[in-house]
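Please keep the sequence and the coordinates at hand while reading.

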Amino acid sequence: MEKIRRCFNTEGTCRPECHYMVNIDDRLKYIRQFFVDRGKYFAVNRGRQYGKTTMLQLLASELKEEYIVIFMDFQ
């Protein structure tokens, strides 16, 4: 089986095992500590290709053990 080469992603959600991406572990920890665990609402508002969807999907996968996560897209 051929190993998948990592590359830069310019469309869709990034997958760390396939795409080069900035480590956002600290950002996810901050969101969880200051918003999710405190029961606060938050909004993600950034420009195109900033990583909004990727960040929310990684956050959802991290939270699914403790929370019921519902992922909705309002495009």
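Rings of Phe, Tyr and Trp (for Trp, its six-membered ring) are taken to pair if their centres lie within 6.5 Å, and a pair counts as stacked when the planes are under 30 degrees apart, as edge-to-face when they are over 60 degrees apart, and as tilted for the rest. By that definition the structure holds 4 aromatic pairs. In the pair formed by Tyr30 and Phe34 the ring centres are 4.7 Å apart and the planes stand at 40°, so this pair is tilted.

The model is a predicted one, in which local features need pLDDT of at least 70 and side-chain atom pairs count only at pLDDT 80 or more, whereas totals for chains, interfaces and linings use all residues. Residues are numbered from 1 along each chain as its sequence is written, and side-chain values use heavy atoms, with hydrogens and water left out.

**Helices and aromatic residues**

The secondary structure of the chain amounts to 2 helices and 0 strands, where helices (H or I, at least four residues) and strands (E, at least two) are DSSP runs numbered from the N terminus. Tyr30 and Phe34 both belong to helix H1, and their separation of 4 residues is about one turn of the helix. Tyr30 also pairs with Phe35: the centres of these two rings are 6.2 Å apart and the planes are at 75°, so the pair is edge-to-face. Through ring pairs, Tyr30, Phe34, Phe35 and Phe42 are linked into a cluster.

How far the residues of the chain are covered is expressed as relative accessible area, with buried meaning under 20%, exposed over 50% and partly exposed in between (1.4 Å probe, protein chains only). Tyr30 is partly exposed at 46%, Phe34 is partly exposed at 29%, and Phe35 is likewise partly exposed at 25%.

**Core and buried positions**

A nonpolar core is a set of buried Ala, Val, Leu, Ile, Met, Phe, Trp, Tyr and Cys residues joined through side-chain atoms within 4.5 Å. The largest such core has 7 residues, namely Ile24, Leu28, Ile31, Val36, Met55, Leu59 and Leu63. Two or more residues of this core come from each of the elements H1 and H2.

Contact means heavy atoms within 4.5 Å. Once neighbours within four places in sequence are left aside, Met55 is in contact with Ile24, Arg27, Leu28, Ile31 and Val44. Thr54, found in helix H2, is buried with a relative accessible area of 7%, and, not counting residues up to four places away in sequence, Thr54 touches Thr13, Cys14 and Met21. Arg32, which lies in helix H1, is buried too, with a relative accessible area of 14%; leaving aside neighbours within four places in sequence, Arg32 is in contact with Asp37, Glu62, Leu63, Glu66 and Tyr67.

**Exposed positions and separations**

Gln49 lies in the loop between helix H1 (25–36) and helix H2 (52–63). The phi angle of Gln49 is near 55°, a positive value in a residue other than glycine, and Gln49 is exposed, with a relative accessible area of 58%. Lys3, in the segment before H1, is exposed at 74% relative accessibility.

| Pair | Separation in sequence | C-alpha to C-alpha distance |
|---|---|---|
| Thr54 and Ala43 | 11 residues | 14 Å |
| Lys3 and Phe42 | 39 residues | 38 Å |

**The chain as a whole**

Of the 75 residues of the chain, 17% count as buried. The C-alpha atoms fill a box of roughly 45 × 30 × 25 Å, taken along the principal axes. Among contacts between residues at least 6 apart in sequence, 42% join residues at least 24 apart. The chain exposes about 7000 Å², of which carbon and sulfur atoms supply 52%, the areas coming from the Shrake-Rupley method with a 1.4 Å probe.

As for charge, Lys and Arg count as positive and Asp and Glu as negative, while His and the chain ends are not counted. The chain has 13 positive and 10 negative side chains, and the centres of the two sets lie 6 Å apart, with each charge placed at NZ of Lys, CZ of Arg, CG of Asp or CD of Glu.
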